[in-house]
Amino acid sequence: MSNSSDILVSARGLSFARGSRQIFNDIDINIKRGSVTAIMGPSGTGKTTLLRLIGGQLQPDSGTVTVDGEAVHALRRGQLYQLRKRMGMLFQNGALLTDMNVFDNVAFPLREHTDLPERLIRNLVLMKLHAVGLRGARGLMPSELSGGMARRVALARAIALDPMMIMYDEPFTGQDPISLGVLVRLIRLLNDALGLTSIIVSHDIAETAAIADDIYLLSGGKVVAHGSAEDLKQSGSEWARQFIQGLPDGPVPFHYPAEDYAQDLLSGGLA
Amino acid sequence: MKSVLDHLQTLGQKGTGFFERLGRASILFARILGGAPSLFLRFSLVVQQTYSVGVLSLLIILVSGLFVGMVLGLQGYNTLVDFGAEESLGVVVSLSLVRELGPVVTALLFAGRAGSALTAEIGLMKATEQLSAMEMMAIDPIRRVLTPRFLAGVISMPLLAAIFSAVGVIGGYFVGVGLLGVDDGAYWSQMQAKVDLYDDLLNGVIKSFVFGIIVTWIAVFEGYDATPTSEGVSRATTRTVVHSSLAILAMDFILTALMFGEH
């Protein structure tokens, strides 16, 4: 195992249940500083839940999550908020504040957390917007943006406070090929240029695998496979191969569990 | 068929559900108040919300106030004239408005106009993850979103109720003095003589202040507690209007009994 200071985020023995449904069952995850790590798995495996656990928005049933040496769930509210200032998060649909324009959305965390003069805030916001290529869109309202643009604005907002890490929740879902390409490139570029650590939750295999240094495959509340994209393609796990290659049938059955087909038809709904 | 036990169980579940929500609402109330002191430094947030909660409710309050006043003038005149006491019309109109109709009708309209809008806005912010995003930006959505809206509601309600009563008195004047021939001087002087600053006006202001707290509290809680789906937000909006209307009427009875019950 690598030196612990190389690890920015780690989950140890993490378990979490929603009602009677066990979402995570004793999982261990390490995320290296400066890397782009992908968390992949079928829909409903709790990938987003994992991000919320890392961000301290949910409490695990057992186990710990450590971010930059601090145990997230042992922190007091004020300390947690201090830690969150160093974490950026990109929500699935951007989650821009709909009553403000693009500029004010990006300026929002700066205005809330700093006493910088307005001129400096303007420069900072324009720099962040320029980095995502939307300096010219500063006057638009969120409702006037396409899905891809909204995510880029949200990305500019997420890096406004120069965080140490960014978590991406399904950044590629529902994007056309051009904005997909832009987002993929931006995530890698920002990660390397700003010295960030990125965590991407996604089930878009090709896009994610192209930029991820490290991939965790989750299923049924467990880490099924872990390694680089190459490792996983040659993985011994049949499940990982099914997932990576997108095969319709395999260890994950095509059919939702049901009673016997013939029996079901013959019973005529009278059973 | 359901057994008696099943019914009892449902009843019990509803009961504990109610108290659980009440508990959550109370905790939220405390947290909203906890955020209030820091807002004195950023009062512009409250002013902004006072505009959308209060100023934008003005039209409905003005129009309703005028009509309620006119109806009071008409009904009051018809009753008073039988006793030859139509000179007292000003007193009837103003006391009805200041003590009861002003605070109560304003609060009901306020719940429908501003309360429902608050719930829908906050509920949708939750559904579109805006509140979550704020949390992740280390900004407490309760302080940034809920507290300014709550304070705006509490500030707006007494002012709106005062405007409602004032316009209502003018409406009563139009009908009573303008159309039905009540003496102009009597309308105003009797009102001046009989309406007490503390017993009537102040109690009315207290009522409208309490209703303002209740309506806005229910509205922001329902929005914050809403299930983050379209259906959840629509249900929450309906609950805001229904629950706050019931709470206003029940609270009005209690306050009236406390304020005017000893005569």
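Which residues in α3(B) and α6(B) meet? The views below answer this and then turn to chain A. This is a predicted model: local features need pLDDT of at least 70, side-chain atom pairs count only at pLDDT 80 or more, and totals for chains, interfaces and linings use all residues. Residues are numbered from 1 along each chain as its sequence is written, chains are lettered from A and ligands numbered from 1 in the order in which they are written, and side-chain values use heavy atoms, without hydrogens and water.

**View 1. Helices α3 and α6 of chain B pack against each other.** α3(B) covers residues 58-82 and α6(B) covers residues 141-179. Helices (H or I, at least four residues) and strands (E, at least two) are DSSP runs, numbered from the N terminus. The two helices pack at an angle of about 40°, with their axes 6 Å apart. That makes α3(B) oblique to α6(B). Axes are lines fitted to C-alpha atoms, for helices over the stretch in contact, and angles run from 0 to 180 degrees between N-to-C directions. Angles under 35 degrees count as roughly parallel, over 145 as roughly antiparallel, 65 to 115 as roughly perpendicular and the rest as oblique.

**View 2. The α3(B) and α6(B) contact, residue by residue.** From α3(B) come L58(B), I61(B), L62(B), S64(B), G65(B), L66(B), V68(B), G69(B), M70(B), G73(B) and L74(B). They meet L160(B), I163(B), F164(B), V167(B), G168(B), G171(B), G172(B), F174(B) and V175(B) in α6(B). Contact means heavy atoms within 4.5 Å. By class, the contact of α3(B) with α6(B) has 13 nonpolar, 7 polar and no charged residues (Ala, Val, Leu, Ile, Met, Phe, Trp, Tyr, Cys and Pro count as nonpolar, Asp, Glu, Lys and Arg as charged, and the others, Gly among them, as polar).

**View 3. Four strands of chain A form an open sheet.** The order is β2-β1-β4-β5, with antiparallel pairing. Two strands pair if DSSP finds at least two bridges between them. The edge strands β2(A) and β5(A) each pair on one side only. β1(A) and β2(A) share 8 bridges, with I7(A) partnered by K32(A). These two strands form a hairpin with 2 residues between them, and G19(A) in the turn has a positive phi of about 65°. On β4(A), 5 bridges join β1(A), and R12(A) has T64(A) as its bridge partner. β1(A) is largely enclosed by the rest of the structure, because 9 of its 12 residues are buried (buried means under 20% relative accessible area, exposed over 50%, partly exposed in between; 1.4 Å probe, protein chains only). Helix α1(A) lies across β1, β2 and β4, running at about 120° to β1(A).

**View 4. Six strands of chain A form an open sheet with mixed pairing.** The order is β6-β7-β8-β3-β9-β10. Its edge strands are β6(A) and β10(A). The twist averages 15° from one strand to the next. β9(A) and β10(A) pair in the antiparallel sense over 5 bridges, and S219(A) stands opposite K222(A). Helix α9(A) lies across β3, β9 and β10, at about 110° to β9(A).

**View 5. G250(A) sits in the loop between α9 and α10 of chain A.** G250(A) is partly exposed, with a relative accessible area of 36%. W239(A) is 11 residues from G250(A) in sequence and 7.2 Å away in space, C-alpha to C-alpha.
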